[in-house]
Amino acid sequence: MTMLLDRADYVLAIILFLIGLYALVAKSNLIKKIIGLNIMETAVFIFIITGGLARDGSPPLVTQDTTSPYHDPVSQTIVLVGIVVAVSVTALALSLVTRIHAEHGTIEADELRGGR
Amino acid sequence: MSVHSNSLLSPALWAVLLPLAAACLSLLYGRLPRRGRFLLLGTAPVASALFAAILVRGVLAGSSHEIRLVRLMPDVYLSLRVDAAGALFGLSVAVLWSFIFVFSVGYLRDDRYAGRYHTFSMLCLAGLMGVAYAGDLITFLAFYELFSIMSYALIVHEGTSSAIAAARKYIVYIAAGGSLLVMGGALAFSASGAADFAAGGVLGPGTPPTTATGAALLLIAGFGVKAALFPLHGWVADAHPAAPAPFSAALSGVMVAAGTFGIVRVVYEVVGARWLAVLAIDRGLAAVAAFTAISAAVVAIKQDDLKRRLAYSTVSQMAYITLGASLLAPGPLTGALVHITNHASMKGCLFLCAGLLARNAGITRVSQMGGIARRFPVTMAAFTLSALALIGIPPLAGFVSKWVLGYGMLDAGAGGYLVVLLGGAALAAVYLLPVVRIAYLGEPSEEREGSLAPARPGNEAAPSMLAPIVALTAITALLGIAAFADGSALSLARLAAESLAGSR
Amino acid sequence: MPVEVWDIRPALAPMVSFVCALLVFIGGSRAGWRRFWSMSAALLKFIIVASMLPGTVGGVAYTFRFAEFAPGIGIGFRADALGMAFATVSSLLWVVATVYSIGYMKGERSLGRFFGFFALCVSATVALALAENLLTLFIFYEVLTISAYPLVVHDETPEALRAGRTYFTYTLTGGGVILLGIAMTYVVSDGVLAFGHNGIVPPDTTPAVLAILFVMLTLGFGVKAAIMPLHGWLPRAMVAPTPVSALLHAVAVVKAGAFGVVRTVHDVFGVELLRQTWLPDALAYLAAFTIIAASVMALLQDNLKRRLAYSTVSQLSYVLLGIALLNPWAAVAAVVHIANQAVQKVTMFFAAGAIQRTTGKTNISEMSGIGRRMPATMGAFGVAALGFTGMPLLAGFISKWHMSVGGFDSGMWWVALVMAASALLNAAYWFPMLYLAFFKPVSEEPTLGEARPSLLYPTLVCAVLVILLGLVSDLPGMPLSIARTAVAQAFGM
Amino acid sequence: MRRLATLLLLALLAVMLLSAVVELPAPGSPEMPFRSHVSQHYLEQGAEEVGTTNIVKAVLLEYRLFDTFGEAAVIFTALAGVLAVLPPRDRSGSGGHHDRAAPGQVTGYVVGRTVPAIVIFGTYLVLSGHAGPGGAFQGGVILGAAAISLSLGVGSDHAREFLPEHVAAWLHGAAMVVFLLFAAIGPLTGAGVFAYPSTAALPWAREWLMLFIEAGIGAASAAIIASVFWSMEGRA
Amino acid sequence: MSEWPGQLLVSVLALPVTGAALCLPLHRISDRVATAWTLLVTTVTCAGAFMVSVRVSHVGPFSHHLGGWLAPWGIELRADQFGALVGLAAPVFALVVFYGVRYSRHAVEAARRGPYDALLLINLGGLLGFSFTGDLFNLFVFMELFSLSAYALVAYGKQKVAAAASFRYLVMGAFSSLLVLFSIGLLYQLTGTLNMADMAYRLADGVPHRPVVLAFGALALGFMTKAAVFPLHLWLPDAHAAAPSPVSAILSGLVVKMGIVGLIRTYDIFQGAGGVDLPTFNMGLSTLGAIAIVFGAVLALIQDDIKLMLAYSTVSNIGYIAVGLGLFNESGLTGASIHIFNHAVIKAALFLALGALTFRTGYRTVSDLRGIGRRMPITVGALSVAVISVVGVPPTAGFVTKWYLAVGAVAAARPLLAATLVFSALVMLIYYLRIVNAFYFRPAVHEEVERAVDPPLDMLAPVVLLSGASLALGLIAQVPIGIALPGVMRLLGGG
């Protein structure tokens, strides 16, 4: 159990990931699916960021006075780009949902599948 | 002694090619001028006869030559070779065919398909001449198959239902026989590596006995179908009555003889006398031949249809030839060979008479022949003469061959078969003489058609039909009387027997 | 072993008719154009193939390779004796068939497509014959299958389409099996697929693998060689127009299958390797069964073309039987029979086509008295029929004779029996037809005349060929001598 | 039934993930393998190689510039996608029958006061990125958010006056155009495509170029965010 | 800086994406200029990519360090053999775009034509970037690029179901991108670097096994979803069927193949990694591939809509490639890699030909398009040739793949697999027979079909060129094989 405790951050990320996945798969409303997707994305970002943080370290602004270890800049870059990607995907998804709603009048995946 | 002349001038080649040419000519039968076409077609058999005669003289003078026409396979050639036996057989075929042709002109005067008849008969002639002068087994088979299959068309010529049935039966037998021959030839070829007629037989001493037996049995059975040996003679009885008269004369005269001739070739020049003796096949063959001779004669007696009776008589006569050949001695072989020629002319004449009677008087059965001698004096005279010759009354041809055969048997130590010979002759008398008796002494039976008005002398039949009958009878007499002259058929036969059976 | 000479001609021959196919496809609508190109391509190809004949007989194998995927496999052509035997016959008959089909198809629809695929088929057949390795053979084998389909369904009737589907199902499944077989060969012989080494499969392969490989290849090719259980498609494909049935189902397509089996036995396995196994005997028994059973089936058919189809099935198994005996004589019989059967069968098909075109009759029962109406056509048919029954001095006799001698030579006496039985059966189903044609008394007078010249002359030419192949079969250029050279190479004599 | 199946699946996934994560060294612990490799180099030499104290900025704009280029492209693709899915209807037609509630007094007042502050802060973030925290995207998004709140507050018709149609069209591509020029400049100054000219040749070039890129990306993202909102607005 | 090949590589990747940005404004100015610009950029990029492939085939793989920073620090672009294969297929993309100009004018209304061209260019950039990068995170970014553009392009389909299909595609795509991102994060933490070669080197020694296996699993699963390997293919049929024909050609031909290239990159990375049991994964992959082949073939059989059938045939062909990868022997891998290229050509020919038919008659089902053969002879002829190649009948490109895979399966002693390979194609061919019959041998039903005539040259030329190529590639197969073989050897050797 102690192993899990000091890796609480990872555990949290995994739980969030699973919640998002559940929403994506089980919910039939398209918007809820997108929300689920976003939760999963945040979970992965948390996983990467916390992996890169140094224990009581400081942000990677190199100024002579700080002695403690820095947080890892590369992880943060990855997440930065990841966030932009997430935003783009969500933007496109929402526009698709808008169009589906305009055309089919419903955004429930089950009805959509039926009304091929 | 054999001269490998490849010259295309050799008479043997022409003897075969000429009828072929005539066959093609007669294809255009319809368009030929009426008068001229018989002369044109007639030249073929007559010319073949002339060529055959030249060859016979050549053989008698001691020269024999071989021609290789075309190479079928690596060591298999289409070759023609004239030896004594071949010359003899060739001559008898050609002569008989000429007379039959003359007869057929009259016989088929108003037949619609005469053209077709002549085509196929010329093809048969070509086949037979080929068989006579074949230089090796393959050529022999080629021509043998040719005339066997072509004669189908002649048997079915009349188009009557019985003709169709007979022809179908005939073709089944022939096809079966043909296959057996091919198998036997292949077996011999595979064992010996060559398929030509070698003096002492092609199968060397080293061949495994089973192969030798197989080849011998297959070949003999193959030819036996045509030679109408006992189990295989079924087709003869139906074919003769159905076929048009001139053809049945040819059929009995020479075509069945071709089968026996085949057996002679195979026995002496393919399997070889030595092997036959070793495997005891010769004795088996002799037994079968003897049995056939007797049984056929017995059956002949009961036949009411004249042609059917003559057919069975052919079967029994042919059996004598096979018997003679199977004794593996020059003596009986000579008798057998000379009997081929004699029988050809005798039986040919008989069938022509039967044909004439059937055509002019509608008489087919012996019972109808009561008192026709008055109406057909010449025909019946010829018929009687030939019948007597067949029975073996000296000095006619039949007696000569039977005498030589019998003497040969004694000489070869197979006296037992003499009984068969004499018994056969007696039976022949039993089934022929009554016909003559009825013809002369019997009163005309009422149920004969009115057409038989009281005989008007002189208009018995067209001269073209009578002439061949008379000629054949003359030949029979000549063969009998001049048998022992030096150029006669007998001397040729003795020469052939010496060359075939002498070398053992 | 023949000397390998680098030469364009083996590749040029198929290329010629491939180009012709393209040209005909493009300009197909104009009859003149179509006729000119088909004829010239057929003639040119025959000349090229014939020009290679002296070389082949002289022991030279012209080779040409291109499009090598990897070392050892790619599209390669090698005109060895066996290939030349098949190629010569196909290209010769193609010239005659082109004339015939021009006459036969006059007035039909979509002829551009017909002649295009017709030329494509021939280019595939010749390429297949001259293939240098198993892969090239398979490639053109499938091209042949595909390009034959439009010809089978040319009439576009539902029945033709059904026949086409059956044709495809059979031949393509066979193709699939062959592909697997070739892949196995490729793996087993690690990369060698070329012919000419008397066997690619290494002698030390385990018997089980050898058996699977042999079964796959022979049955794969067997489908097209119409060996008994797999022959179903051939009779149904008779729905195609007669020139197609004549050429494809008597010469090109079915012979490709038989040729494939010959290549498998001689060049993929090699005779020595097979001698120790039971496999060739099994093939021999199957082939023998097919010969007899197919002939019996032919007896029962009333439709002339279906009877011809079953007779083809039986004749094809001659080739397989000859090869399976692993004996030089029988092998010569097999190879020479490829030519003999082709010529005889094409004559019969042409005659059947002529009869159908002139009198519209297709069933034998309706054909009484046809002989007098069309004497020349029926004469040719008769010659071919006699050839099949093994009448000496005709093509059929040569193969039967060699086969029987081979049979006795290799100790399998029953082979001669099969030959005899097949001859009898052939007689049984051809002679009644001849009787019907010539001798059956027919009431009405013969009204219609002989077939059109463009149909009659090819038939007569083929009939003469049948006689020639029988008579002078031993001249240097003729199939028998090529067959003997091929067998000499295969048996390493 | 479907829910049960998904729950089962998730439980299985959870076990797998947890069992793998357990073996990872604890987060933040110094002996994490990546500490001693690339990021250590960035932290040590990053400042003087790139000339900025913000190492994340250094990585984003110098070491892994191509990723940033990709990133800008991604957001542009998003815009293109949205325009593809919801083509902008001509404003005139749809202006009339908006059923949206007219902007309330309170929101209008609050928005009026706060938007300028947001815009200033956004611009600051875009321009100061290379020194302190912040960066082009963050600034751009904030500007975009300002535009959105404006259109919520005073109605999108007024908000659009700030970003008219034809200007927006060019602005969307700003980032890409900037990168296009940047790639072109490289070969001219002998530095090769997509690379900064060497500091020796042109000492000031690196800062200016970075600033130039920052501005481009900031403007582009702002425009894109705004346009995305506007195209989806009023379409439900 | 590095010599010209590196510059070429960077510009080939940068040009299309930057060029796309200009499409939007240009289209507002004038349609003709924008189309010209798009064609120019596409042609230049594809020519550049083709030259890169040619260089790789002559000289072997080469790389370019962006910004002058050496491998682990900066991003390294690496053009290896598998990338070169995609580069070789770039001209197919150009042909599709060239074909698409007239098609889009007909199918896409003016307002959306700007984004259409932009998305196409970005997609091209994404594809090439994905194939030619040596950096894992950069790979992810380019993956996002071509995925996003693909989702949007699918939405262009005119059918009602297009938007829903695009959404479903987006969700599956996003999920797989997440998996990839998650494994990138994990791998970064395990190895400290993002450069693939460096990562492979570092993974080899002393890294905790279980997380490595998880990273491998996530990465592989992500790429398999992108490649629509059997169980994860649900999104493909609807997406490819709903999209307009040129887009379907690009999706089926190239975009789906990126998943495969990704899988090959995964092999590169986890080659030496301890704890990762490649053989069992391969066994699983080849089995999935076999199921995909049969599944794709069977489902294609029962469709009447030809586009849906072609989509299922893509699933089946991806199955072929998966089998090739799964066999992991020389023949299998060669077969798989050349099929990446062959299938791109063949499938593009099929979709474009079908597009031409729909362009002329508006129909896309077999029963509606009866009798079209006689009226559009060249297009239907090209379609038939392509059909024959996709099934793998000898002289065509498809056969070469089938030959290599069959040999590979036999060499790996898996006869059942070999049999599936061969006979499923037969099942397909028998089915395609139905189409050929319908086109050629059945009378036309609709009068649009009656009136139809071959499309104008600029649509017809690409179709004929592509189907000709599918035939020619059967003969000159050593071009793709020559490129792929060293890569395969490296992959096997490295293993």
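Author: A helix axis is a line fitted to C-alpha atoms over the stretch in contact, and angles run from 0 to 180 degrees between N-to-C directions. This is a predicted model: local features need pLDDT of at least 70, side-chain atom pairs count only at pLDDT 80 or more, and totals for chains, interfaces and linings use all residues. Residues are numbered from 1 along each chain as its sequence is written, while chains are lettered from A and ligands numbered from 1 in the order in which they are written.

Reader: How do I apply that to a helix pair? At what angle do helix H1 and helix H4 of chain C cross?

Author: First, the elements. Helices (H or I, at least four residues) and strands (E, at least two) are DSSP runs, numbered from the N terminus. Now take H1(C), residues 9-27, and H4(C), residues 111-129. Their axes cross at roughly 165° and come within 8 Å. Under 35 degrees is roughly parallel, over 145 roughly antiparallel, 65 to 115 roughly perpendicular, and the rest oblique. H1(C) and H4(C) are therefore roughly antiparallel.

Reader: Is the crossing of H1(C) and H4(C) left-handed or right-handed?

Author: A crossing is left-handed if the near helix is turned anticlockwise from the far one by less than a right angle, and right-handed if clockwise. For H1(C) and H4(C) it is left-handed.

Reader: Which residues of H1(C) and H4(C) meet?

Author: Contact means that C-beta atoms, placed from the backbone, lie within 7 Å. On the H1(C) side, the residues include C:Ala13, C:Pro14, C:Phe18 and C:Val24. Among those they meet in H4(C) are C:Gly112, C:Phe115, C:Leu120 and C:Val126. For classes, Ala, Val, Leu, Ile, Met, Phe, Trp, Tyr, Cys and Pro are nonpolar; Asp, Glu, Lys and Arg are charged; the others, Gly among them, are polar. The contact of H1(C) with H4(C) has 13 nonpolar, four polar and no charged residues.

Reader: Now whole chains. Which pair has the most contacts?

Author: Chains D and E, among the five pairs that touch. Their contact takes 47 residues from chain D and 50 from chain E. Six helices of chain D each supply at least two residues to its side: H1 (2-22), H2 (38-51), H3 (55-63), H4 (65-85), H9 (165-172) and H10 (174-188). H4(D) gives the most, with 15 residues. That side of chain D divides into 31 nonpolar, eleven polar and five charged residues.

Reader: How many residues do chain E and chain A bring to their contact?

Author: Chain E brings 23 and chain A brings 27. On the chain E side, H5 (136-154) and H6 (162-191) each supply at least two residues. H6(E) has the largest share, 14 residues. The chain E side holds 18 nonpolar, three polar and two charged residues.

Reader: How far apart are the closest C-alpha atoms of chains B and D?

Author: They lie 78 Å apart, and no contact joins chain B and chain D. Chain A and chain C have no contact either; their closest C-alpha atoms lie 34 Å apart.

Reader: How many helices and strands does chain A have?

Author: Five helices and zero strands. Along the sequence, the pattern is α-α-α-α-α.

Reader: Last, a single residue. Is D:Ser156 buried or exposed?

Author: Count C-beta atoms, placed from the backbone, within 10 Å: 20 or more others means buried, 12 or fewer exposed, and in between partly exposed. D:Ser156 counts as buried because it has 20 C-beta neighbours inside 10 Å. D:Ser156 sits in H8 (residues 156-162) of chain D. Leaving aside neighbours within four places in sequence, D:Ser156 contacts D:Ser151, D:Trp230 and D:Glu233. By the burial rule, 47% of the 116 residues in chain A are buried.

Technical notes
Contact = placed C-beta atoms within 7 Å.
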